[in-house]
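Please look through the sequence and the 3D structure below. The notes that follow are grouped by topic.

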Amino acid sequence: MKKDQSWVLPSLKDAQKRTKNTSEIKHNEFTLTEEEKTLGNGYTYHVRTYGCQANERDSETMAGILEAMGFTAQEDILKADVVILNTCAIRQNAEDRVIGEIGNLKHQKKKNPNFILAVCGCMAQEEEVVDEILQKHRQVDIIFGTHNIHHLPVLLHQCMQQNKRIVEVLSKEGEVIENLPVSRFGAHKAWVNIMYGCDKFCTYCIVPYTRGKERSRTMEDVLKEVQILKEQGYKEVTLLGQNVNAYGKDLGLEGGFATLLKAVAQIGIPRIRFSTSHPWDFSDAMIETIAEYPNIMPAIHLPVQSGNSEILKLMGRRYTIEEYKTLYDKIKKAIPECTVTTDIIVGFPNETEEQFLQTLEIAEYCKYDNAFTFVYSPRKGTPAARMVDNVPAEEKDQRLARLNEVIHKYARINNEKFENAILEVLCDGPSKRNSEIMSGYSKENKLVNFKALPNTKEGDIVKVKITCVKSFSLDGEEIA
Ligand code: 5AD
Ligand code: SF4
């Protein structure tokens with residue numbers, strides 16, 4: 001295949017490099033030409049999101065950009081003129097799902113000559129994936145990465161007008177662009193980016209390569225966004241970053257994330273959550289702040305990854321299991337009602353049965369409210385992928401099943417504490433299974449399905465008496 005000279009292809013090697021320069025923050029960078037403002041008139045779009053909350057938030061930006069260009073949303077992916085797959089590269093199965101979806105959309109152009117398929121997000125940052133798409137999936141018209149979402153209008157314009165394949169994936173992060181449009185998917189819960197990228201380089205993880213170096217937004221910009229959300233009637237914000245605890249380091253902000261968290265709490269929006277915390281720089285000031293402000297929700301996601309210190313060292317996690325336990329104890333002591341959830345990987349290269357048993361031990365020790373558990377998936381370009389691995393796949397699957405048993409046991413035991421309790425629930429609307437039942441989340445982040453009072457609607461914060469406890473949800477009745 002002849003390569004077009006205008007292609008900008010990714011390089012994981014370049015993406016690994018870190019410079020000391022702080023990223024510039026731009027407030028007026030995004031503009032649309034008069035032509036771009038009407039390019040989408042009469043056309044529809046569908047953005048499908050895979051993976052984490054950062055991707056969800058990026059998809060909201062893309063939706064905002066597309067709507068500013070005149071496109072309208074189409075819920076049915078098979079009816080949309082422009083489809084964007086916002087992809088995740090964290091594990092092989094996430095990538096396989098995207099490749100499957102690209103396959104499903106193969107014949108769309110025959111049905112709709114205007115059809116455009118774009119692939120973006122973390123997979124687009126990987127050179128092998130881009131190569132594979134270019135060679136085998138001719139139905140993909142545009143490939144762009146995580147660093148140039150603001151360029152979407154130009155890419156679409158070129159594709160629509162010149163009818164050619166466009167690849168523009170930057171390996172290095174650029175500036176932080178503040179004035180991007182957004183079309184939020186939720187009416188009462190909002191994602192708020194506080195920082196981008198990750199500098200931790202855990203040895204198994206592709207994220208530091210696909211999302212670039214850590215760059216914080218300024219406090220002023222974050223606070224302004226939360227203030228506006230409050231004025232718009234939003235009830236909950238989730239502050240987002242790959243590792244929120246590193247917030248402000250690049251800005252030299254004293255007190256780091258704790259300082260921001262406090263200032264966000266003082267705005268007085270009813271509920272604040274944050275995700276994700278790395279145990280390494282979880283400060284005492286953060287714990288004190290969460291304990292002090294009732295609108296910071298008592299629910300912490302604290303990925304442990306493994307219960308064995310040697311494996312943690314090989315993973316590049318920067319803490320021992322004893323240090324993790326100390327942190328866990330400190331959190332539970334300061335905020336007894338705080339629920340704790342985690343991420344765990346089993347079957348890291350050469351993990352022994354004894355080492356795995358220590359992972360079961362940490363799950364027993366922390367009695368997690370819930371956990372995302374994974375079998376290790378080698379990611380090309382990361383240090384762990386170069387380690388020779390002697391653990392058979394079936395063994396890894398069995399370890400996952402054994403771990404899940406412990407996780408499920410404590411999920412249920414923890415939920416039993418809420419039998420007959422009265423919880424404050426932010427109503428998300430009718431439950432997926434039964435329209436007479438509403439569902440929502442408690443402060444502790446428990447999913448609650450409840451019989452609502454007549455006038456209760458989405459976005460209300462209501463009191464629910466818990467009548468029945470399940471492993472991963474609670475049932476109840478709203479009380480006046
Ligand atoms: N294999 C399996 N799980 C992974 N995670 C990150 N990289 C990998 C990988 N290569 C998990 C970690 C992380 C979560 C978001 O995904 O547990 O916390
Ligand atoms: Fe990946 Fe580790 Fe960064 Fe999380 S902290 S995104 S696991 S490198």
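R318 is located in the loop that runs between α12 (309-315) and α13 (321-334). The model is a predicted one.

- R318 is not a glycine, yet its phi is positive, at about 70°.
- R318 has a relative accessibility of 39%, so this residue counts as partly exposed, since that class lies between the limits of 20% and 50%.
- N350, also not a glycine, has a positive phi of about 65°.
- The loop that holds N350 lies between β15 and α14 (353-366).
- With a relative accessible area of 33%, N350 is partly exposed.

**Charges over rings**

- R318 sits over the face of W280, and the distance to the ring centre is 4.9 Å.
- K325 is placed over the face of Y365, at 4.8 Å from the ring centre.

**Aromatic pairs**

- Searching the whole structure gives six aromatic pairs.
- One of them is F201 with Y209, an edge-to-face pair with 5.5 Å centre to centre and 90° between the planes.
- F201 has a relative accessible area of 23% and is therefore partly exposed, because the limit for buried is under 20%.
- Y209, with a relative accessible area of 3%, is buried.
- In the pair of F257 and F274, the ring centres are 5.4 Å apart and the planes stand at 70°, so this pair is edge-to-face; the class requires an angle over 60 degrees.
- F257 belongs to helix α10 (residues 256-267) and F274 to strand β13 (residues 271-275); the two residues are 17 residues apart, and their pair links distant parts of the chain.
- Both F257 and F274 are buried.

**Surroundings of ligand 2**

- Which residues surround ligand 2? They are C198, K200, F201, C202, Y204, C205, V207, P208, Q242, H278 and R317.
- Sorted by class, this shell around ligand 2 contains seven nonpolar, two polar and two charged residues.
- F201 is thus listed in the shell of ligand 2 and is also a member of the aromatic pair with Y209.

**A sheet of three strands**

- Strands in a sheet pair by means of backbone hydrogen bonds, in a parallel or an antiparallel way.
- Three strands make an open sheet here, in the order β14-β15-β16, and their pairing is parallel.
- At the edges are β14 (299-301) and β16 (370-375), each of which pairs on one side only.
- On average, neighbouring strands of this sheet are turned by 10° against each other, with direction ignored.
- Between β14 and strand β15 (residues 339-346) there are three bridges, in the parallel sense.
- What is the bridge partner of H301 in β15? The partner is T341.

**A cis peptide bond**

- The peptide bond that leads from S275 to T276 is cis, and its omega is near 0°.
- T276 is found in the loop between β13 and α11 (284-292).
- S275 falls at the end of the range given for strand β13 (residues 271-275), the strand that also holds F274.

**L134 in helix α6**

- Helix α6 (residues 127-136) contains L134.
- Is L134 buried or exposed? L134 is buried, as its relative accessible area is 3%.
- L134 and C88 are 46 residues apart along the chain, and their C-alpha atoms are separated by 18 Å.

Note on methods. Residues are numbered from 1 along each chain as its sequence is written. Chains are lettered from A and ligands numbered from 1 in the order in which they are written. This is a predicted model: local features need pLDDT of at least 70, side-chain atom pairs count only at pLDDT 80 or more; totals for chains, interfaces and linings use all residues. Side-chain values use heavy atoms; hydrogens and water are left out. Rings of Phe, Tyr and Trp (its six-membered ring) pair if their centres lie within 6.5 Å; planes under 30 degrees apart count as stacked, over 60 as edge-to-face and the rest as tilted. Buried means under 20% relative accessible area, exposed over 50%, partly exposed in between (1.4 Å probe, protein chains only). Helices (H or I, at least four residues) and strands (E, at least two) are DSSP runs, numbered from the N terminus. A charge sits over a ring if NZ of Lys or CZ of Arg is within 6 Å of the ring centre and within 35 degrees of the ring normal. A residue is near a molecule or strand if one of its heavy atoms lies within 4 Å of it. Ala, Val, Leu, Ile, Met, Phe, Trp, Tyr, Cys and Pro count as nonpolar, Asp, Glu, Lys and Arg as charged, and the others, Gly among them, as polar. Two strands pair if DSSP finds at least two bridges between them. Axes are lines fitted to C-alpha atoms, for helices over the stretch in contact, and angles run from 0 to 180 degrees between N-to-C directions.
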